[in-house]
Amino acid sequence: MIDVREISRRFGNTLALDHASFRVEPGEIVALLGPNGAGKTTASRIIAGILAPSDGDVIVDGISVRTDPNAVRRRCGFVTDQPALYERMPLREYLEFFGRLYELPDTGRRANELALLLGLADRLDARLGTFSRGMKQKVAIARALVHDPPVLLLDEPATALDPEMARTLRDFIVSLRARHRAILLCTHDLDEAQRIADRVVIVYKGRVAREGRVGDLRAAGRDTYVATFAGDPERARAALNGVGIDVLSLTQEVRSLEEAYFAVVSEAGGGSPVQPDRRKGVDA
Amino acid sequence: MKYAWQIAWREIRWEIFGDRGAIFRMAIFAALPVAFVLTNRSPRIGEIGIFALALQSVLFPALSGVALISSTFTQEKENGTIIPLLASPVRDVDIVVGKLVGMIIPVFSLCIASLAVYYVLAGSQYGETRVAAALPPAILYSLVVVALLYLLTAGSWVLIVAALVRTTRAGQQVAGLLIALSVAVFAGLGAAAAQIGDGYALIALGLLLVGSDVVAVQVARRVWQREEVLARL
């Protein structure tokens, strides 16, 4: 379990995190969302025991990062956006090296298990420099799991992965949730967060701006609609305002080539071909 | 310090013996003094000359260590591989000591091997009696100690540079400057050290290196704290 309690972190005069608090329970995936520079990476590094907070504390599996950061590191697996591997080492040696740093009794057996789990068993003796980007990211995940940690911190793990590999990675993360791990996923990919996260924490300029279940956040606020019409936009705005409807945005739609094609065919007397459904919503 | 040894062994096995470029660089620095001996067949070479060549043979391989130490630290930063190390339950001092030791052990071994090769070659070129007189055991021991101190000192200073620069190239450029400076110093040092106090001026050089080393390690300890390193990533 991760319990982030009012943490702040300064780098010189820059306040990267400002009294941020949230929790991640075992068997839960929480997405830490925010734009670049919001403080996601700083938060994940503090939780992993890599960085000390300037203020506040983080309790990981009952242990404070302030009092015993080494014990916290033993309980966390940390994956960054870059695989960051020693590329001259073969996979087996690499996993065994990190296994020894975590004082595992049988590093060879663990390396075999992880390679099998991630579909890399046939590459155990290949140098990491020969692996594809997706395979390298798998190795980074294997490294993070080498000591079977109860807490997993994933900082933009799907960056630069192709869609197929990103999907494989998502499925794997979801399978880890079933094994009762507390998973924090730092990302700015809203689609990824929506697909796999149970809850979302939105950080902005170092502060927690909103926190809640994905469904609750999506349902928050008043319902809005999109209308498509042809004609004078200012008259449409005036008309809607006239009947008490607020127009929040009014943007000209740029037609795709496909839409332009169908319009031309229709105007040329080619009938009214069936157009693809471009948008789900309420038709005017 | 068991973690430091794990890190040191990884450096030796995979970053030195797994890197042909590193082996090639070390071989060049080790071959240079041998070439000096083989090309210098002058029967007039005196004890000063024999001593100066011995100093070069023990210190030239150490110069390759400066470049190696620089690249091992800057590459860790540049490639981000320092992050998984920092995320593991390893103390900062274990990382720094492990990487330094991992670079120093093979290079220092090469220094000793180079001096041994020089001793044998010089004996066959200039006469065993003359070489034994110019290089008594105390002098040989001093040369080995000076080489170790040089490696430690240069390694510590390079460590500081590696923490401050962002790229491997910048680190290598500064290491190159340090190597050039060292060559310039050593070129004149052999004659000077041998002329002053029968070569025991090396002790003064040793003390100078120790003093520099203490300062360098103190500065390195500060700049390689994980907070400082991460702030520069």
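**A guided look at the sheets, a helix and a chain contact**

Visitor: Which strands make up the open sheet of six strands in chain A, and in what order?
Guide: In this predicted model, the order is β6-β7-β8-β3-β9-β10 of chain A, with mixed pairing.

Visitor: What makes β6 and β10 of chain A edge strands?
Guide: Each of them, β6 (76–79) and β10 (207–213) of chain A, pairs on one side only. As for the twist, it averages 15° from one strand to the next.

Visitor: How do you know that β3 and β9 of chain A pair?
Guide: Pairing takes at least two bridges between two strands. Four bridges join β3 (residues 28–33) to β9 (residues 199–204) in chain A, so they count as a pair, and they run parallel. Within that pair, L32(A) stands opposite V201(A) in β9(A).

Visitor: Which helix packs on this sheet?
Guide: That's α1 (residues 40–47) of chain A, touching β3, β6, β7, β8 and β9 of chain A. The direction of α1(A) makes about 155° with that of β8(A).

Visitor: What is the order of the open sheet formed by four strands?
Guide: Here you get β2-β1-β4-β5 of chain A, and the pairing is antiparallel.

Visitor: Which residues of helix α4 of chain A are buried?
Guide: T107(A), R110(A), A111(A), L114(A) and A115(A) are buried; the word calls for 20 or more other C-beta atoms within 10 Å.

Visitor: Why do you say the buried residues of α4(A) line one face of the helix?
Guide: Down the axis of α4(A), they fall within an arc of 130°, so they line one face. They pack against α3 (91–101) and α5 (133–145) of chain A. Turned away from that side are the exposed residues G108(A), R109(A) and L116(A).

Visitor: How many residues of chain B are in contact with chain A?
Guide: 21 residues of chain B are in contact with 23 residues of chain A. α1(B) gives the most to chain B's side, with five residues.

Terms used: Residues numbered from 1 in each chain as written. Chains lettered and ligands numbered in written order. Predicted model: local features only at pLDDT ≥ 70, side-chain atom pairs only at ≥ 80, totals over all residues. Contact = placed C-beta atoms within 7 Å. Helix = DSSP H or I, 4+ residues; strand = E, 2+ residues; numbered from the N terminus. Axes fitted to C-alpha atoms, helices over the stretch in contact; angles between N-to-C directions. Buried ≥ 20, exposed ≤ 12 C-beta atoms within 10 Å, placed from the backbone. Arc of directions from axis to C-beta.
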